Structures are given as structure tokens and as C-alpha cells.
Amino acid sequence: MLARVAESLYWIGRNVERCEHCSRYMKVQFFSTLEAPMSQNKDFTMRSILFMSGAVYQSQTNLDESEVWQKVIFDPNNPNSLLNLVRNARENARGIRNTISDEFWKAINQWYLETQGLKPEKFSSDNIFLFAEMMHRHIVLVKSRLHHTFLHDDAWSFISLGLYVERVLQILRIIRSKISDSIILSDNGVNRPILQYQWTTLLMCLEGFDIYKKKYPGARSRRAIFELLLNNSAFPRSLKYTSLKLKKHLSAISVHPEGHQALKDEFDRIVAECLDFDEPENEEEVIQLVDNAYNYISKFHFDIEQLYFQ
């Protein structure tokens with residue numbers, strides 16, 4: 001496989017997964033402002049959405065919702081705007097049509113064509129729910145085509161590797177963002193209703209709220225939340241589950257250039273250190289863990305680029 005083909009496959013996975021998490025975060029955060037605990041904090045929440053999308057904005061000015069949606073969804077100058085992510089996934093797929101399945105290509109192309117029909121000047125907060133549902137529907141179809149219309153060979157492994165690298169990074173970014181939000185909005189825990197609501201939105205941003213209620217009925221503790229999000233090997237959006245999947249797809253790639261084994265060994269060592277964690281009640285320890293893991297996975301991405309794409 002050519003290096004450019006492997007790189008395109010990898011970035012398809014990363015763009016699709018980033019789009020999924022950013023669009024869900026946008027929806028959950030926006031609709032949280034309609035609930036009583038957060039109704040007075042809409043401006044803060046909109047800034048959180050902008051921050052997660054990587055959009056540039058003036059921190060001291062009042063925000064206009066329509067401008068937020070332009071930056072987060074449509075802005076051609078923001079590489080992480082949702083339509084840019086869809087466009088990038090489609091362009092990477094278009095350049096390697098002979099490597100991917102026809103069904104996978106059609107799913108990505110249909111997604112792109114539907115987003116191209118959106119009119120930025122007519123978009124408002126009233127459209128957020130339908131927009132997020134449309135994105136979710138297409139992402140589910142794209143992932144279904146990935147898992148069911150590919151041979152599970154190197155092409156599938158490179159897309160999946162990119163997908164899980166991005167998932168780890170997004171999980172860590174969302175956890176870090178919501179910890180920061182909870183500290184600021186609750187005045188370091190003084191305002192208990194807002195603090196509890198921030199933990200709820202954290203779970204919802206990672207689609208873990210219903211799972212949490214079933215696993216920990218009647219409870220809403222920080223320890224239980226972080227046990228689920230960091231150490232539960234059966235929850236698909238936990239740090240542990242995602243790290244194990246990432247390792248699996250790295251190992252499944254049949255080409256082993258010099259440095260491959262060293263990268264795997266380092267990954268095993270760092271992940272073992274991160275997952276050997278039993279202080280979910282200590283917020284500072286959780287923050288340190290999240291920051292260390294994020295920095296390592298960012299370095300891991302750089303190492304993958306050097307190993308396979310140069």
C-alpha cells in the first residue's frame with residue numbers, strides 16, 4: 001500500500017470520528033441551556049462549543065448564536081468546522097476510490113452532497129436538532145459501510161486506527177472541557193445543582209448517560225462517572241476500551257516498518273500507566289491523567305505519521 005493511500009484512509013477515520021463527537025457536543029451543550037440549571041449561562045456554553053470546534057472568537061464580546069453556528073458548522077477558514085470535516089473525509093475518499101468499497105464511497109458522498117445543500121444565511125438555532133440528527137444518521141451509515149463492506153485487511157485497519165486515535169483524543173478533550181466547565185459554573189462545587197448538571201452533560205456528550213443510569217442506579221457520584229469513562233473495558237467510549245481497540249488495529253496492520261515494535265511497546269507501557277488509576281475522587285489527579293494521556297496520544301499520532309506516511 002502506498003503511503004499516501006494509507007494516510008488518506010487514516011484521515012477518513014479521523015475526520016468522521018471528529019465530526020461525530022463535535023456535532024454531538026454542539027447539540028448536547030446547546031440544548032443544556034434550555035434547562036433551568038443552565039438557562040442563565042448560555043453565553044458561557046456557546047463559548048464552550050466554539051472552544052471545542054477550534055473556532056477563533058473574541059472572548060470579551062457578547063456572542064450572537066447565528067455567528068456561533070457559522071463558525072462551528074460552516075466556516076471555510078476553520079479546519080474543524082463540521083462541513084469542512086465532511087468535505088475532508090470525502091476528498092480523502094475520492095482520491096482512493098479503488099481502495100475503498102463502492103458502498104462506503106456512496107455513503108460518504110451522499111453525506112457530503114446533503115451538507116452542501118445547507119444554506120448558511122438561513123441557518124438558525126431552530127435548525128440545530130434536525131442538523132445534528134442528519135449528521136448522526138449519515139455517520140452511522142458511513143460506519144456501517146466501513147465495518148460491513150470492507151475486507152478487514154490493512155485498508156480497514158488504517159481507517160479504524162484513525163477513528164480510534166480521534167476517539168481517544170475527543171473523549172479526553174470532552175472530559176477536560178466539562179471538568180473545567182463544572183469548576184467555573186458551580187463556583188468550585190458550591191452550586192450543587194449546576195455541578196450535578198455538568199456531570200450529566202458530560203455523560204450525554206459521550207452517549208453514556210443511559211448506560212450510567214443502568215450500571216449505577218440511583219447514584220450520581222464523581223467516582224462512578226470517572227470509573228465508567230476511564231476504566232470500564234466494556235463501554236465503547238471509555239479511555240480503556242478505546243485504547244485497547246487502538247492497540248488492536250495497530251497490531252492488525254500487516255506492514256511492520258522499522259520502529260513498529262518499539263511504538264507498540266511504548267503504547268503498551270503508557271496505556272498501562274494511564275489505566276493503573278484508582279483516584280477518581282481526586283479531581284486534580286483526574287485532570288493530570290487526562291492531560292498526560294492527551295499529550296501522549298498526540299505524540300502517538302505524530303509517530304504514526306513518521307512510521308507509515310513519510
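Which side chain meets that of Asp 181 in a salt bridge? The partner is Lys 178, at 3.4 Å from N to O. A salt bridge here is a side-chain nitrogen of Lys or Arg within 4 Å of a carboxyl oxygen of Asp or Glu. By this rule the count comes to 24 salt bridges.

Before going on, note that this is a predicted model, in which local features need pLDDT of at least 70 and side-chain atom pairs count only at pLDDT 80 or more, while totals for chains, interfaces and linings use all residues. Residues are numbered from 1 along each chain as its sequence is written, and side-chain values use heavy atoms, leaving out hydrogens and water.

Back to our pair: Asp 181 and Lys 178 sit three residues apart in helix 7 (residues 154–185), about one turn of the helix. Helices are DSSP runs of H or I with at least four residues, numbered from the N terminus. Both Asp 181 and Lys 178 are buried, meaning under 20% relative accessible area, with exposed over 50% and partly exposed in between (1.4 Å probe, protein chains only).

Next, look at Glu 266, which forms a salt bridge with Lys 299, the closest N and O atoms lying 3.6 Å apart. Glu 266 belongs to helix 12 (residues 260–275) and Lys 299 to helix 13 (residues 283–309), so this pair ties together parts that are 33 residues apart in sequence. Glu 266 is partly exposed at 24%, and Lys 299 is partly exposed at 38% relative accessibility.

Finally, salt bridges that share partners join Glu 17, Glu 20, Arg 24, Lys 143, Arg 167, Glu 207 and Arg 237 into one network.

Note on methods: Helix = DSSP H or I, 4+ residues; strand = E, 2+ residues; numbered from the N terminus.
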